[in-house]
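New notebook page, new structure. I'll jot down what I look up as I go.

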Amino acid sequence: MSGVLVYSENDSHVQTLASWSADHADTLGPVSVAVLGKDAGNRAEQHRGSGASRVFVNEAPGLEGLAEDVVSSALAQIAKQADADLILLSATRRGRSLASRLAQELDSGCVSEAIEVGIEDGRLITGRYALGGNTVSREVILTPLKVVAVTPGTVEGSGSGAVEGEIISAELSLPEPRMMIVERNPKPASTVNIAESDRLVCVGRGLAQQEDLKLIEDLAAELAGEVACTRPLSSEYGWVSEERMIGISGEKCNPQLILSLGVSGQVQHTVGIMGAKTIVAVNSDPNAPIFKLADYGIVGDLYEVVPALADALKQRGAN
Amino acid sequence: MNIVVCVKQTVDTAATVTVSDGEISWGDAPLVLNPWDEYAVEQALLSKEAHGGKVTAISLGPEGAKDALKQALAMGCDEAILIKDAAFDDADSLVVSKALAASITKLGEIDLAFFGRQAVDSDTGVTFAQVARRLGWPALSLASKVEELDPGAQTIAVERMLEGSRQRLRSKLPVVVSVVKEINEPRYPSFMGIRKASRAEIPEWSAGDIGLAEVPKAALSWPKVFAPPKIETECEFIEGEAAEEIATKLADRLLEEKVI
């Protein structure tokens, strides 16, 4: 292939994707990175050593809000300048929408949320969940240009491909943005990024009422972790905010530890915890599917186990 | 306002899906209107109720997809159109988006096109953005609230949630909007709605009808579909007389593993 162009609004995702790409440069070709929007020039510095031989920068005011329509146009132009035939994005919420639009712009095939990325016989092969996590579809993009949004945590780079990338000011002809981001405020106190948390306490339908979330929050505090949930608690009951929901239509996580409390273990949820190192399940039903993928299981009432565990952790000064 | 809602017929999320030798099966579970699309239909209807106009539901699929369109009609859509052509049999999102965009162009003078966030079968969530690009419209993705819709000024503002932030997006019409569950509570079809829908004749548009003389080939091939790999774990059950004892044992094991 002729080259890779890596882009994400998340700088750490960019570094991982660039480093992974550099490890596969024999097949994929030279690695370029695009850094767009506010402060792009300064942010570009950190990507010079991530494996990219070229870092394309543009700080045009129209890119400030990173609206997908303008970013898509910018990336299409930079891909051409970089002679990249593979564009790797991070499958954040914006990244997935951007990948779709960019693929249409380039008339290329698109995989919007890859959970596997590999190279076989010189071809890029991707895998992604379909049918609510019940299947994995392994796909090959047939068009000369390819757009893939990679789920965070899917690939790792060795860092050995680091080079002193050249910073290039990209000449772009950008469309007048039709969509404007008129306000952008960090979320209220609940600001959280489940996908990047190391310790999670995930609660499911076993929780009887919203007031009992306090128990779960106390345990999460002992672990210095975050509270997460299954879909019903967020979408149906509205007890927990949507950005804490784990599963096919929510976040995919890669924590060191996840405590699954009162979670039955339906596949639509468990696809989101496949990246966890250690899974602990507490459920009163010994036949709950969650025990099939847990490392440690406790058959019991979460209302008894959770406070006891919080105490035990406190005594050990776990965090 | 002239509003379009694009819908898909999918397998019910309650169905048991199995994969064997690359063949996917959901037994005799019924096909339904894609659950995420119900929110798109509802938002289209709410927009029409607030500002007047007409809602047209469009789907691409086989004859059976008319059932999904009838569900949309029963909820209150004014018209429905099925895009149906053997040329679309192996269509991927790139092809489907071209067909949907061509249909929207054929309808003409559309202000708003609503989509659900993704279809529960393919789960790609890319079609709305591809249709938007094809039409040269902005796509407001994952909207959880329509804050303003002003047909006079031809503007819309929506809110969406991203990882760690909340955004307010404003755009000129026409625009594509994909919606998440938080945006509304879809209505149940009324008895009258169901009766009306059951009698409705749904027109079919072929590839030629929408001006796609040549249907492009799919940009993706999916050589392999399989059940997700099972994590091979041996669950170590922790037992004891009382919750305290169990909790202590677990805490010790987690410390040994250095995950806390």
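Entry one. I'm working with a predicted model, and I started at L5(A), which stands opposite S32(A) in strand 2 of chain A. Strand 1 of chain A pairs with that strand 2 (residues 31-36) in the parallel sense, over three bridges.

Entry two. I then looked for the partner of L5(A) in strand 4 of chain A, and found I87(A). Strand 1 and strand 4 (residues 86-90) of chain A run parallel too, joined by four bridges.

Are the faces of strand 1 of chain A covered or open? I noted that both are covered: V4(A) and V6(A) are buried on one side, L5(A) and Y7(A) on the other.

Entry four. Next I traced an open sheet of four strands, with the order 6(A)-7(A)-8(A)-14(B) and antiparallel pairing. Strand 6 (116-120) of chain A and strand 14 (220-226) of chain B are at the edges; each has a single partner strand, so one side of each lacks a neighbour in the sheet. Neighbouring strands here are turned by 30 degrees against each other on average, direction ignored.

Entry five. Inside that sheet I checked strand 7 (residues 123-130) and strand 8 (residues 135-141) of chain A, which pair antiparallel over five bridges. For A130(A), the bridge partner in strand 8 is T135(A).

Last, I went to the surface of chain B, where I24(B), W26(B) and L31(B) form a nonpolar patch with about 230 Å² of accessible area together. L31(B) belongs to strand 5 (residues 31-33) of chain B, and its relative accessible area of 41% makes L31(B) partly exposed.

Note on methods: Residues are numbered from 1 along each chain as its sequence is written. Chains are lettered from A and ligands numbered from 1 in the order in which they are written. This is a predicted model: local features need pLDDT of at least 70, side-chain atom pairs count only at pLDDT 80 or more; totals for chains, interfaces and linings use all residues. Side-chain values use heavy atoms; hydrogens and water are left out. Patches are made of residues with over 30% relative accessible area and no salt bridge: like charges are joined within 9 Å, nonpolar side chains (Val, Leu, Ile, Met, Phe, Trp, Tyr) within 5 Å. Accessible areas come from the Shrake-Rupley method with a 1.4 Å probe; for residues, only the protein chains shown count as cover. A salt bridge is a side-chain nitrogen of Lys or Arg within 4 Å of a carboxyl oxygen of Asp or Glu. Helices (H or I, at least four residues) and strands (E, at least two) are DSSP runs, numbered from the N terminus. Buried means under 20% relative accessible area, exposed over 50%, partly exposed in between (1.4 Å probe, protein chains only). Two strands pair if DSSP finds at least two bridges between them. Axes are lines fitted to C-alpha atoms, for helices over the stretch in contact, and angles run from 0 to 180 degrees between N-to-C directions.
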